[in-house]
Amino acid sequence: MRELNLKLVTDTVRDLLLEGNCDLGADVFQKINNAIQTEENPLGVSVLKQIKENDQIAKRDRVPMCQDTGMAVVFVELGSQVVFDGLLENAINLGVKQAYAEGYFRKSVVRHPLKRVNTNDNTPAIIHVKSVPGDKVKLTVAPKGGGAENVSLVKMLIPADGRAGIKKLVLDTVLEAGGKPCPPIVVGIGLGGNLEKSALLAKEALMRDLNDEAEDETIRELENELLHDINQLGIGPMGFGGRTTALAVKINWFPTHIASLPVAINLQCHAARHKSRTI
Ligand code: SF4
């Protein structure tokens, strides 16, 4: 067994959040840059150029790329041979607290959904732990803003709805969202499982590199079809019209019940922030 000092977890979560809020992933940046060449609407091109410039300034000056520095979502792939010298959850939340203080990031978490008093340190984080073989820990952090999260949903379709039902649900959801999730968006879809599993799959789908391709041929085809169809909706960058509504569609899937076809759609704005490190 490997005993791991939790300070390393705290430091890593802090560093990843400090980096993640200011430094957009190369895959997302490249897609935005490419879209400047392909977007047909001059206003859309202008918006994309401003997004690009904003992202460059954020990286250069180490300032957040968006004022909404999000609620911290943390994925932990926990090696089965790792033991900690304390509570993992506390160590992660301490890292969040330190990052939001050190980076002067906006604290965006309220203690109670109805009483709405700010926790003032952006904790608690949303933490997902998965057990994997080995003696390492992979931490992935994603500061998730409220705008795109608010127009995300889970719908329990039935098998008879099939592929056509999934496509209709996704297109209706993106159209209804319009400019609210700050397009160009990434569309994370969780297909299968049950109600809560599909939501987690959709979030995990947003952690994929935008250039990767689904291994499953049927899923890969559906991702490509949906990307094409979404970009025909005319929403465009920040909702000002155009062909660049989505940069990518990512579908993660899981076995499901014979009576069910759960579909979760997690929209992600152009500030598609996530960083990973293995310790
Ligand atoms: S949806 Fe994204 S880009 Fe828009 S305000 Fe929220 S975090 Fe910022």
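Which residues surround the ligand? They are Cys66, Gln67, Asp68, Gly145, Gly147, Ala148, Cys182, Cys269, His270 and Arg273, where near means a heavy atom within 4 Å.

A quick word on the source: this is a predicted model, in which local features need pLDDT of at least 70, side-chain atom pairs count only at pLDDT 80 or more, and totals for chains, interfaces and linings use all residues. Residues are numbered from 1 along each chain as its sequence is written, and side-chain values use heavy atoms, leaving out hydrogens and water.

By class, that ligand shell has four nonpolar, four polar and two charged residues, with Cys counted as nonpolar and Gly as polar. Domain 1 and domain 2 each give at least three residues to the shell. The bounds, from an automatic or database domain assignment, are 2–20 + 65–144 for domain 1 and 147–272 for domain 2.

| Item | Value |
|---|---|
| Distance between C-alpha centres | 26 Å |
| Buried area, domain 1 with domain 2 | about 730 Å² |

Buried area is the accessible area (1.4 Å probe) that two parts lose on being put together, summed over both. Of this, 71% is on carbon and sulfur atoms. In domain 1, Met65, Phe75 and Lys144 lose the most area to domain 2, together 61% of what that side buries.

Two salt bridges cross the interface, each a side-chain nitrogen of Lys or Arg within 4 Å of a carboxyl oxygen of Asp or Glu. Lysine 144 also pairs with glutamate 149 in a salt bridge, at 2.7 Å from N to O.
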